[in-house]
Amino acid sequence: MSPSAQSGETQAARQRRHSAIRHRWETLRKRIGDLAIQLVEEPDVEMASWRLPADAASAGLARRLVHERLTTWGMENLSDVTQLLVTELVTNVVCHTCCGDLVVRLSAVEGLLRCEVEDSDGTMPEMAAPSSGEEHGRGLRLIDTLACCWGAERTRQGKITWFELPAYALR
């Protein structure tokens, strides 16, 4: 059974996600020109998703799942940074939302990796400005530094926080 089928995602939802991923990939390609991989008629799209409980153990589980999937896709060069950033997003959900499960999604289109973490809280993330002695508040700054782009989008049930990494940048 595919990861999409496991999460109950419909064919129409997969097609919308595929279309959105292709649009983001084309936008990135336009911005970076010759550094991007040449656009093909139908780019290969890899997708995976996992529903996890919003608890502390999910950060470690998300890291393992991401590592395994990136290895399967031949994108090991992105594994360390992706694991670090997905840990930040999952930890933010655990620390700052009230309840419910979270969904971690990975998609890869012709060398562009996107990671999303969806939760049931509509509060949008804000980048903090912690003082040097504070232990928390640096996660989004880390994502902002290491990812080529990131953001958050409201959904009917909450929000999706995401980041993207171009595979060629880390070779």
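Reader: In which helix is the place of Leu146?

Author: The model discussed here is a predicted one. Within it, the helix that covers residues 139–146 takes in Leu146, and that element is helix 5.

Reader: Does Leu146 count as buried or as partly exposed?

Author: A residue counts as buried under 20% relative accessible area and as exposed over 50%, with partly exposed in between. Because the relative accessibility of Leu146 is 36%, Leu146 counts as partly exposed.

Reader: Which residues is Leu146 in contact with, once its neighbours within four places in sequence are left aside?

Author: Along the sequence, Leu146 and Phe163 are 17 residues apart, and their C-alpha atoms are 9.3 Å apart in space. With the neighbours within four places in sequence left out, the contacts of Leu146 are Val81, Leu84, Leu85 and Leu165.

Reader: At what angle do helix 4 and helix 5 pack, and how are they oriented to each other?

Author: Two packed helices are described by the angle between their axes and the distance between the axes. For helix 4 and helix 5, the axes lie 10 Å apart and the angle is about 150°. Angles over 145 degrees count as roughly antiparallel, and helix 4 and helix 5 are therefore roughly antiparallel to each other.

Reader: What is the handedness of the crossing of helix 4 and helix 5, and which residues of helix 5 make the contact?

Author: The crossing of helix 4 and helix 5 is left-handed. From helix 4, the contact draws on Val81, Leu84, Leu85, Glu88, Leu89 and Asn92. On the side of helix 5, the residues that make the contact are Gly139, Leu140, Leu142, Ile143 and Leu146.

Reader: Against which elements do the buried residues of helix 4 pack?

Author: Helix 4 has 18 residues and reaches 25 Å from its first C-alpha to its last, close to the 26 Å expected at 1.5 Å a residue. Its buried residues are Ser79, Val81, Thr82, Gln83, Leu85, Val86, Thr87, Leu89, Val90 and Val93. The elements that these buried residues of helix 4 pack against are helix 3, strand 2, strand 3, helix 5 and strand 5 (159–166).

Reader: How do helix 3 and helix 4 pack, and what is the handedness of the crossing?

Author: The axes of helix 3 and helix 4 are 9 Å apart, at an angle of about 150°. That angle makes helix 3 roughly antiparallel to helix 4. The contact is made by Ser58, Ala59, Ala62, Arg63, Val66, His67 and Leu70 of helix 3, and by Ser79, Thr82, Gln83, Val86, Thr87, Val90 and Thr91 of helix 4. As helix 3 passes helix 4, the crossing is right-handed.

Reader: Which residues does Thr87 touch, not counting residues up to four places away in sequence?

Author: Thr87 has its place in helix 4. Because its relative accessible area is 15%, Thr87 is buried. Not counting residues up to four places away in sequence, Thr87 touches Ala59 and Arg63.

Reader: How far apart are the C-alpha atoms of Thr91 and Ser58?

Author: Thr91 is found in helix 4, and at 31% relative accessibility Thr91 counts as partly exposed. Along the chain, Thr91 and Ser58 are 33 residues apart, yet the separation of their C-alpha atoms is 8.3 Å.

Reader: Which residues is Thr97 in contact with, leaving aside its neighbours within four places in sequence?

Author: Thr97 has its place in the loop between helix 4 and strand 2, and at 15% relative accessibility Thr97 counts as buried. With the neighbours within four places in sequence left aside, the contacts of Thr97 are Asn92, Asp119, Asp121 and Lys159.

Conventions. Residues numbered from 1 in each chain as written. Predicted model: local features only at pLDDT ≥ 70, side-chain atom pairs only at ≥ 80, totals over all residues. Heavy atoms only, no water. Axes fitted to C-alpha atoms, helices over the stretch in contact; angles between N-to-C directions. Helix = DSSP H or I, 4+ residues; strand = E, 2+ residues; numbered from the N terminus. Parallel < 35°, antiparallel > 145°, perpendicular 65-115°, else oblique. Left-handed = near helix turned anticlockwise from the far one by under 90°. Contact = heavy atoms within 4.5 Å. Buried < 20%, exposed > 50% of the residue type's maximum accessible area, 1.4 Å probe, protein only. Expected span 1.5 Å × (residues − 1).
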